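Here is a quick walk through one model, written for someone who would rather look at the structure than at a table. Have the viewer open as you read.

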Amino acid sequence: MNLWRYFLGRLLGSLIVLVGVSILIFGVARLIPGDPARIAMGPMASAEQVELMRERLRLNEPVVVQYGGFVRDLLRGDLGISLYTKRPVTSDILSTLPATLELVIAAALIMTLIGVPLGVVAARYRNSGVDRAANLAALLGVVTPSFVWAIFLMLVFAFALDIFPIAGRVSRSAELPPTITSLLILDSAIAGMWPTVLDALRHIVLPAFALAMGGLGTAARLTRANMSEVYDRQYIQLARAFAYTEREIACKYALRPAMVPTLTILGLDFAIMLGNAFLVEMVFAWPGMARYGVEVIIRKDLNGIVGTVLVISAFFLIINMIIDIVVAYMNPRIRFQNR
Amino acid sequence: MKKTYGPLIAAATALLLSGYAAVAPLSAQTVLRLDEHAIGEIDPAKATDYADSIIFYNIYDTLVIPAAGGTDILPHLAESWSIDGQTYTFTLRDDVQFHSGNVMDSDDVAFSIERMMALGQGFSSLFAGVIDSVETPDARTVSITLTEPYAPFLGSLVRLAIVDKDAVLDNLAEGDYGDLGDYGQAYLTSTTAGTGAYTISSHNPQELTVMVKNANYFLGVPAEAPDTVELQYAIEPATLRALITRGELDIGDQWMAPEIKAAVSAEEGVSLGQVAGISSFYLKLNNQRPPLDDVHCRRAFALAYDYDAILEQTQVTEEIAFGRRAHGPLPLGVLGSDENIPAGRFDLDAAKAELEQCQYDPGEHEIQLNWVAGNPIQERIQLMMQLNLGELGYDTTITTTPWAMFTELAATAERTPHVSPVNFILTTPDPDSMLFTMYHSDAVGTWASVDWVMNEEVDGMIEAGRTETDPATRAAIYRDLGNKLVEDQVSIFAYELVGVFPIREVVHVPALQDEGRTYAVQGMNFMFREMTMN
Amino acid sequence: MTPAIFNSRAWYRYRSEPLAVFGLGLLTVIVLLAVLAPVLTPYPDHAGRFVDFGNTSQPPSSRHWFGTDLVGRDVLTRVVYGYRISLMIGFVVLGLAAPLGVTLGLVAGYMGGRIEMIIMRVTDVFLAIPALVLAMAVLGVLERTLINGLLALAVLWWPWYTRMVYNQTRALRHEEFVVAAQVVGASHLHILFREILPNLLPSVLTKFTLDLGFVILVASALSFLGLGVEPPTPDLGSMVAEGASYQPDMWWLPVFPGLAILLVVLAFNLVGDGLRSMFGEGR
């Protein structure tokens, strides 16, 4: 079995899961008590208007027929009209998703760039004061809800010390770059608009940290655990005997094998971050999918709920697929295991 | 590989922390930034909410307009009119252009009426069954014949936006209206086809609507008025507070918690503006749902509401409060309001005495107290009601309902909570817009009519007020109606709502900050062309 | 716990982890606080129907260590009572989710074939939706009652147990003691619950303990988004959410309930970690 076939297998598996997700969430959305058409049309609409909307939503048909219609539309890239914004769900999501992605990517970077080194240091100095401190710090990251982090960080760094902005993605007065990737920081950098890049960076620091803290702790603890295990192996002792420096041992011999399980968990953490982004975005008024997601859920916007959940799940599956493939690439044994 | 990133990181960090301020404003254009809770619709045939109305009165115009500081109706797009029995004939101005450059004429007026009635949403209920025919004998004349005498008609016209017929017809999408497609719904949900002093330059219903001055406005827009207006939606309270403090937002909204208003108004350069006499706050009692279908139980509830304690809670600063003592359903100053209508009082002993006469025992029903998410004062009031009703022996649950869901609960009497807090702001200068919408049997099923009064006598009085054209007689009818509604205790008349808005010194808003400049219509006090930036 | 356990090797190993001991102490304090709240809190009536408009929004003081909230209730009292709800949610949710998930995982891992495929595919579907988002969707759709909240959390939690138990069961399926039981003709039920399950109990118990913390965390996140229990029931997540609106002027409103959530999740985590090393997994 080669990597290519493994990839195809994973892709197929993911697609099946995605179909399952669509059935699940479609079913959940159809359980809504009350009349979504009435909610959509607002308090002043006449009965005929509401009936018209009900027809348009296919609400008068059996659920299976509704689902069939939904899938047909979906294959054309149409998630229906949001009952909340009255615009296509696809465009609603496309307009908010990049901000969320930017935030999650920033958080993932922080998580990896701080969490993994922290774990390496802890593993190297196992059971020392450094290790315990790192462990406790990592633990605090894990056990504190991201919205509590968000509020604490905001209170201290935005309100009390006033060194970071309180909310938003960029200052109102900032000049905005042309849209290329939709990731504001990247676009501004491409356009060479450094003041905007800096402004956006200043805005993203607090929310990204609030979002990263949980994963950061996990990454550090995991790296430490896996590296400790490797450190116990004989070849490390051998390397020591050959007078390799500790840094070389850590980087060459211990970190690499330890990365495989760490990467896998990071994939899962990415999913958790997609969910937690909802909380952090609410606190920092980050213009991502969160407000939209919360609003569609509160307003029982059938199409909005289904679209939001489906897109988030698709992202989750894609990320995990990529990580699985990277892991398989790094560690060929996995490819031959029957998953 | 002994690279050192230390200095680089330190430099980058220092730059990040330096409070980088080189992001300068683009030009000397003035920008006004304000916020509102949430947007419903900018289509003028559907717009009803507060934010909707703010936009409505800036991007559209109406045939007539109420006088500032009063309830007189003045000419606007119509330069004059005559009334002959049930026929109103309007002469239109000939110098009005739509944003498209098209000249406004009588065809546009007729089309606007047809469109509103065909869509059957928004404020179309003001005219439903009232308009018999619309005729356009020439380009400057529109005559509207009513099916019966309808005193609030002129006042209701402040809710009829005149839309650009040609622009709409050029932008039809697929829809349910035959040749007319979607009647331009998709088009008017994203942009404007009006005559207003401002046009929409971008509109995102979740975040922000940006409006810019219309250089061709028929009344002209003063140079001091803001060049650009950014109306932002659904900002978190703590963020809002910080934005105002730091000068990044110029006008706050009236729904901010009193503590936060007090905190920002204590900051330098922030004052409080107010709008009084056009709105009231009620605890609506579901008159159809036991035990509140018995007047004695309703009276007991009203006696368990601590008027003074809540009025004290509405105090933002020593001088300014967002609540005033209510005398019946209408805010003082509105036609038919009267200071002699008795205000409510808090008396638990009297409440117990009323309960004795009620056909139900307190133990028989669990009472559902609702509050609308995002209105913290409502939660406090319901916690107080829960405590006091507990004293009377009632078991209560408090439910938190998002606004959208509340409007859906309101559709049936069975699902409407026992006690629902409701703010009502006059939607036209005529008291009928308040009384009919809240208390007439034909208007039940909306958030405003969650009392489910359904009383023939009340209906009769409201109808009499509609068909009577003499203002003095109308006032007398509404006074009697007010007394009856208090006697029947259909709602708890909690307090007159005063809109209190934090305003930064950079802008002056006459309707909120000067005496006698208030418009008696929701949203109209935010006509940007009247504001001055400095 | 029977006293015997305190003399066992396991307890010795647990005791040798200072953090685990600290966690157990913290947990004991929290549980005691929650159970004895009516006796220990300064103003027990503030946890229920109570308003005092004359004493609103007071900063922390000797009378009110954590200050008072917007209707004049003692925040300390409400935080302690909040622990009652939190602990209850944790135990009820996992009490529903863990047995369901464990049973499904056992069956899937042991039976194999089509049953395995169906169960594990459904598990994959649930695991493909971020937990918080799924709970929000379910809760958003249902009426907002405590029972529905518990159900929504249970619905999203069982797959984790299924996956864990499934993997371990598959590993055990061909072990000698299982094969031996099959040979003597033991029923599937006997093999699943008497032979295989006892081997999994340590890891299930460890996960259960760790998860108690995380269920409380997710429940508080849901409350934070406005999908929690109704007032006046004290609920830590809702208290943080409400208090967050009044930053920075009334910092005590979000900070103390936030710290309280942190501490209870921390306690369960430390104890869970301690159990893990006690059962000899990891280091």
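Helices here are DSSP runs (H or I, at least four residues), numbered from the N terminus.

Helix α5 of chain C covers residues 75-111, which makes 37 residues. At 1.5 Å a residue it should span 54 Å, and its end C-alpha atoms sit 53 Å apart, so the two agree; the expected span is 1.5 Å times one less than the number of residues. Just after α5(C) comes C:G112, with a positive phi of about 65°.

## What to know about the model

This is a predicted model: local features need pLDDT of at least 70, side-chain atom pairs count only at pLDDT 80 or more, and totals for chains, interfaces and linings use all residues. Residues are numbered from 1 along each chain as its sequence is written, while chains are lettered from A and ligands numbered from 1 in the order in which they are written.

## Where chain C meets chain A

On the chain C side, 35 residues are in contact with 45 residues of chain A, contact being C-beta atoms, placed from the backbone, that lie within 7 Å. Helices α6 (113-127), α7 (131-141), α10 (188-224), α11 (236-244) and α12 (252-278) of chain C each give at least two residues to that side. The largest share, eight residues, comes from α7(C).

By type, the chain C side splits into 24 nonpolar, seven polar and four charged residues.

Chain C has a cis peptide bond from C:P231 to C:P232, with omega near 5°; C:P232 belongs to the loop between α10 and α11. Another cis bond joins C:Q247 and C:P248, at an omega of about -15°, and C:P248 is in the loop between α11 and α12.

Two serines have positive phi: A:S182 at about 70° and C:S57 near 50°. A:S182 is in the loop between α7 (146-160) and α8 (184-190) of chain A, and C:S57 is in the loop between α4 (37-40) and α5 of chain C. A:S182 counts as partly exposed because it has 14 C-beta neighbours inside 10 Å; buried takes 20 or more other C-beta atoms within 10 Å, exposed 12 or fewer, and partly exposed falls in between, with C-beta atoms placed from the backbone. C:S57, with 16 other C-beta atoms within 10 Å, is partly exposed.

Terms used:
Contact = placed C-beta atoms within 7 Å. Nonpolar A, V, L, I, M, F, W, Y, C, P; charged D, E, K, R; others polar.
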